[in-house]
Amino acid sequence: MKKVNYILALVYLIVGVNAFAQQKELKSMDLYLLIGQSNMAGRATIDAQSENTSDAIMMLDKNNNWVVAKDPLHFDKPYAGVGPGLSFAQAMLEGKKDIKIGLIPCSWGGSPIKVWSPGTKYFENFPYDEAIQRTKKAMQNGTLKGILWHQGESDNDPVRSAVYLSKLKSLISNLRRDLNAPNLPFIAGEIGYFNKENFINQIVGQLPKEVENTTVVSAKDLVDKGDQLHFNTASAHELGKRYAAAMKIFESGKFDLDEKSVKVKDSKNSQKRKVKTKVVLTFDDAEITHFNNVAPLLKKYGFDATFFVCEFPVKRAEEANEYMNWKQIQQLYKQGFEIGNHTGHHKNLAKLAPDTIKKEIAYIEDKCKKFGIPKPISLAYPGNRNDSISQRIVKAMGYQYARAGGVKYYYPDKDNNLAIPSFTVISSDKYKERTLKALKDIKEDEILVLTFHGVPDVLDPDYSTSIDFLKEILIYLKEHHYEGIAMRDLEK
Ligand SMILES: [Zn+2]
């Protein structure tokens, strides 16, 4: 009896130690998240290099199990093939012993950048959410070292590329937040130069200047497999090596990658840096007091602002004197302020047919063009009224920010940038109190957007803000070291 127990104990011990050793081995993996569309998923023909597997490179399979990595890494389509992932991992292993790599394939062929956001569905999947879930699962067995992104073919046109950088920045910030890795290296890859059009690469190229710990790998001289869209096998391998070269620079702590300003920031420093509280100042309806009173005050205190202009319908001819003419709006632009679109004639967009909404928006764009003012990227819905149709049109017309009402703070990482909430400012006692409380209560991850009308408002005293109250607000910002910004600077 005793002997049997002894043997059993020995068996348990051996099995236990083995399981422990395996677990320990898995724990030491360097993890890399692979996201994007078809060229990251891989569409090239499988060759010998793809078959050259080793248990030093593992991948998280479709069912969240670790298996030895082998092309196709991805499972987005039955015809997934060779992408840059495996050769990236092979190159990362070169010259290193005792490291083990864990790849987390999460790319979806055809996915545009807009589906890479929390809660967004793409056919039957949620690309962003699933990437987060799988990465968190993977992180039980290793340390997340970086993200490889290859995407852009689905956004490679003038309209989509215009908002691409802003979306990419949001994606990076969401990923770093949700993976609790504020300085995680993020490497984007250029799309093939063989694409028929190329709007994306020059946009992606701006990333390293805009976001720390990011870089871009070139797709120069890479060759397609004959479809002017997907890399062939040799080019997919080469792209993987380029990703590895960039990642090694991050990991070595040497920051000069080509001429691009890659800065690897140490986490202690970036946490210490106090982010300035931001208040977005917006002024609606192109009232003459904006030109006469507001702009000089903003200049005096050194703040920026957005003037949302429209041609407000007047009932009597003399009322026209209460609004700016386009020469005056042009002056505000020349003084450095942002001119935003408040639509042509201040109609309720939620009640208009799509074609009319487009015309109302285009009306202001045409006027801006005529007066040498750049096409606005910010819009304020007239009366703050909007719905999913108007939001969709505003987005399709290239707007990066659209302001609504709602008396709430704006959370840039979570909230819809096409329905940015704001507080209307009026200098009645009740509204004064509300505004001052809103200024006082701002938390670190919140942005306060203020909406003003006339300062003062002669035609509509119910919406009036006195010059003194505006001054009081500006002085408050100054004394509390808040930044008064234009809507266009929300992501800076
Ligand atoms: Zn208005």
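Guide: What follows is a look at one pair of packed helices. The model is predicted, and local features need pLDDT of at least 70, side-chain atom pairs count only at pLDDT 80 or more, and totals for chains, interfaces and linings use all residues. Residues are numbered from 1 along each chain as its sequence is written.

Two packed helices are described by the angle between their axes and the distance between the axes. Here helix 4 (residues 85–93) packs with helix 10 (residues 233–252) at an angle of about 45°, and their axes are 7 Å apart. Helices are DSSP runs of H or I with at least four residues, numbered from the N terminus, while axes are lines fitted to C-alpha atoms over the stretch in contact, with angles running from 0 to 180 degrees between N-to-C directions. That angle makes helix 4 oblique to helix 10, since angles under 35 degrees count as roughly parallel, over 145 as roughly antiparallel, 65 to 115 as roughly perpendicular and the rest as oblique.

From helix 4, Gly85, Leu86, Ser87, Phe88, Ala91 and Met92 meet His237, Gly240, Lys241, Tyr243, Ala244 and Met247 of helix 10, where contact asks for C-beta atoms, placed from the backbone, within 7 Å. By class, this contact has seven nonpolar, four polar and one charged residues; Ala, Val, Leu, Ile, Met, Phe, Trp, Tyr, Cys and Pro count as nonpolar, Asp, Glu, Lys and Arg as charged, and the others, Gly among them, as polar. The crossing of helix 4 and helix 10 is right-handed, a term used if the near helix is turned clockwise from the far one by less than a right angle.

Elsewhere, strand 6 (residues 186–189) pairs in the parallel sense with strand 5 (residues 142–150) over three bridges, and with strand 7 (residues 214–217) over four bridges.

Notes
Helices (H or I, at least four residues) and strands (E, at least two) are DSSP runs, numbered from the N terminus. Two residues are in contact if their C-beta atoms, placed from the backbone, lie within 7 Å. Two strands pair if DSSP finds at least two bridges between them.
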